[in-house]
Amino acid sequence: MLNIALFGPPGAGKGTQSSRLVEKYNLTYISTGDILREEIKEGTVLGMKAKDVIEKGGLASDEIIVQIIEAKIKRNPYANGFLFDGFPRTIVQAYILEGMLFKMNTRLTCMLSLEVPKKELMKRLHERGKSSGRADDTEEVIQNRLKEYDEKTYPVAKFYKDKGIYNGINGIGTLDDVFKRLDAAVQKSLEDRWVNLILFGYPGSGKGTQARMLAERYNLHYISTGKILRQEIKDNTDIGKLAKPYMEKGAIVPDEYAIKLIERKMEENHKSNGFIFKGFPRTMVQAYILDGMLHKVGSTITSVFELKISATEAVKRLVDRSKTDQKRPYDMQIETIISRLEEYEQRTLMAKDFYDKKHLLHVVDGQGTEEEVLKRITDRFDNTILRNPR
Ligand code: AP5
Ligand code: MG
């Protein structure tokens with residue numbers, strides 16, 4: 001997800017620039033000011049509660065704002081991302097936004113703050129007041145709104161400066177000039193962000209093959225816990241010795257070994273564009289663990305793909321592989337193959353469900369040539385996760 005907060009004093013041009021950002025990045029627009037004005041117009045309970053404060057240029061209560069934002073987010077469960085205009089406006093709201101985005105397994109990508117001197121703001125708002133019909137575009141109320149901004153809203157900037165995602169943008173110039181500056185800041189934030197993918201599917205569904213191709217295409221670091229563990233066993237390391245008996249039975253290796261190995265890989269490759277995980281998470285517990293590990297370094301899972309093939313096709317592919325030099329020790333016995341398929345059905349499907357509930361899961365047909373399957377994944381990826389939109 002790409003989530004942007006557009007920040008700045010009244011009249012800075014937040015509303016004006018919003019539509020172009022929304023269009024370019026395919027975002028869901030949430031303007032608390034617009035929604036409140038709409039509620040007042042329709043005479044809803046919420047609107048009536050907020051009316052007096054707004055017309056005097058004060059801030060509506062945080063409770064009201066939370067209700068508005070929650071409702072809007074709920075109505076858009078498949079949003080590509082959100083553009084927040086006029087929110088968060090208090091430190092309390094900044095914390096609330098953190099919590100809401102965390103619940104959706106995402107976070108704020110950047111805060112864009114339009115900077116415009118007070119004299120220019122007054123000029124713009126007086127001008128707008130002639131035709132806007134906004135009850136708060138009068139001299140006295142404008143003064144009040146600017147005062148509220150200085151006292152309660154401006155401190156929010158520091159919150160995001162401390163998080164390292166604050167971008168001060170010069171708001172003076174033509175609409176095109178200002179948009180170009182905003183857009184450049186968004187692009188820069190996208191570059192700084194990791195893309196993290198997970199591949200699910202039966203043993204033999206082609207996860208390794210696809211993961212390698214995807215890693216190359218998107219410049220991601222490929223983390224296969226199975227592959228790393230096999231290497232550890234071969235090198236006879238401490239973890240290798242401990243993991244060996246589990247691997248040979250086709251059973252899941254204890255979580256602490258996998259965590260150590262993944263953390264090491266993420267640290268070694270922190271400069272990459274992100275990671276593609278294969279063979280981890282395999283259980284719901286591991287799904288929580290991965291969320292925790294990524295959160296610790298300020299990142300999240302971007303997308304999850306399941307390569308769908310039937311159980312019989314999986315068995316056939318594994319038996320075929322056992323006759324080639326690509327064979328794995330655990331491909332050799334039908335009992336092991338069956339126990340791996342069962343493991344997947346019993347435990348990994350729950351991990352998959354974990355991401356489905358977060359709306360991160362994409363199911364892709366795993367039959368066909370490697371290129372056909374890759375195209376199915378990349379089509380979905382490029383269309384849903386607009387990384388570098390034109
Ligand atoms: P809200 O609607 O958010 O108002 P605001 O923050 O005061 O901002 P404005 O909408 O007035 O300005 P803008 O930055 O969008 O500028 P615009 O693009 O229109 O909030 C209204 C009220 O609701 C608040 O006071 C509060 O009571 C309540 N509220 C809202 N959210 C809340 C929250 N989270 N918590 C609590 N209360 C909340 O541009 C202004 C003018 O300048 C336009 O005429 C435009 O054409 C012109 N202009 C734009 N760009 C340029 C440019 N580059 N050069 C020249 N002119 C330009
Ligand atoms: Mg506005």
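Predicted model: local features only at pLDDT ≥ 70, side-chain atom pairs only at ≥ 80, totals over all residues.
**Entry 1: domains**

I began with the domain assignment of the protein, which gives domain 1 as residues 4-192 and domain 2 as residues 195-384. I then looked up the separation of the two, and found that their C-alpha centres lie 41 Å apart. Next I asked how many residues of domain 1 are in contact with domain 2. I noted that 5 residues of domain 1 are in contact with 5 residues of domain 2. On the side of domain 1 that touches domain 2, I recorded 2 nonpolar, 2 polar and 1 charged residue.

**Entry 2: ligand 1**

I turned to ligand 1 and found 30 residues around it, of which Pro10, Gly13, Gly15, Gly33 and Gly86 come nearest. I also looked up which elements give two or more residues to this shell. They are the helices α1 (14-25), α2 (32-42), α3 (45-56), α6 (118-132) and α8 (175-192). Sorting the shell by class, I listed 12 polar, 11 nonpolar and 7 charged residues.

**Entry 3: Tyr288**

I located Tyr288 in helix α13, which runs over residues 284-296. Is Tyr288 buried, exposed or partly exposed? I recorded Tyr288 as partly exposed, because 13 C-beta neighbours lie inside 10 Å, whereas a buried residue needs 20 or more and an exposed one has 12 or fewer. Finally, I compared Tyr288 with Ser205: the two are 83 residues apart in sequence, and their C-alpha atoms are 24 Å apart in space.

Key:
Residues numbered from 1 in each chain as written. Chains lettered and ligands numbered in written order. Near = placed C-beta within 6 Å. Helix = DSSP H or I, 4+ residues; strand = E, 2+ residues; numbered from the N terminus. Nonpolar A, V, L, I, M, F, W, Y, C, P; charged D, E, K, R; others polar. Domains from an automatic or database assignment. Contact = placed C-beta atoms within 7 Å.
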